[in-house]
Amino acid sequence: MIIFYWIFRLKARILSWMPMWLLYIFSGFMAFVLCHIIKYRKNVVITNLQKALPGTSTKEIQKLTNAFYANLADIAFEVIKLESISKE
């Protein structure tokens with residue numbers, strides 16, 4: 001089990017050295033995969049948006065869902081990038 005941790009840390013370290021513009025490209029791909037292929041908690045996201053915004057159209061809910069996954073992926077890659085950012 002510990003080997004998986006070190007493999008993940010190595011991959012995260014390699015990703016953290018990449019420039020932000022490249023990480024945002026990876027982030028867009030990850031958002032697409034999470035939303036449309038894996039469908040990670042998609043029903044929960046849509047249900048919560050419908051409850052929070054009851055008068056919103058289905059098309060707008062879909063836009064907000066896609067924006068949610070884009071934000072989720074951006075945050076994930078930004079956290080990985082934190083490993084190599086200087087303290088200044």
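1. Ser-16 is counted as buried because its relative accessibility is 0% (buried is under 20% relative accessible area, exposed over 50%, partly exposed in between, with a 1.4 Å probe and protein chains only). The model is a predicted one, in which local features need pLDDT of at least 70 and side-chain atom pairs count only at pLDDT 80 or more, while totals for chains, interfaces and linings use all residues. Residues are numbered from 1 along each chain as its sequence is written, and side-chain values use heavy atoms, with hydrogens and water left out.

2. Ser-16 belongs to helix H1, residues 2-16 (helices are DSSP runs of H or I with at least four residues, numbered from the N terminus). Its side chain reaches the backbone oxygen of Arg-13 at 2.7 Å. Leaving aside residues up to four places away in sequence, Ser-16 touches Ile-80, Lys-81, Glu-83 and Ser-84 (contact means heavy atoms within 4.5 Å).

3. How do H1 and H4 cross? Their axes come within 8 Å at roughly 90 degrees (axes are lines fitted to C-alpha atoms, for helices over the stretch in contact, and angles run from 0 to 180 degrees between N-to-C directions). H1 and H4 are therefore roughly perpendicular (65 to 115 degrees; under 35 is roughly parallel, over 145 roughly antiparallel and the rest oblique). Ala-12, Leu-15 and Ser-16 of H1 meet Phe-77, Ile-80 and Lys-81 of H4. These contact residues divide into four nonpolar, one polar and one charged (Ala, Val, Leu, Ile, Met, Phe, Trp, Tyr, Cys and Pro count as nonpolar, Asp, Glu, Lys and Arg as charged, the others, Gly among them, as polar).

4. Helix H2 (residues 20-38) and helix H4 (residues 58-81) have axes that come within 8 Å and cross at roughly 135 degrees. The two are therefore oblique to each other. Residues making the contact include Met-20, Leu-23 and Tyr-24 of H2, and Gln-62, Thr-65 and Asn-66 of H4. By class, the residues of the H2 contact with H4 are 13 nonpolar, five polar and three charged.

5. The loop between H2 and helix H3 (42-52) holds Lys-39, and Arg-41 lies in the loop between H2 and H3 as well. Most residues other than glycine have a negative phi. Lys-39, not a glycine, has a positive phi of about 55 degrees. For Arg-41, phi is also positive, near 55 degrees. Arg-41 counts as partly exposed because its relative accessibility is 49%.

Conventions. A polar contact is a pair of N or O atoms within 3.5 Å; within protein, one must be able to donate a hydrogen and the other to accept it, and residues adjacent in sequence count only if both atoms are side-chain atoms.
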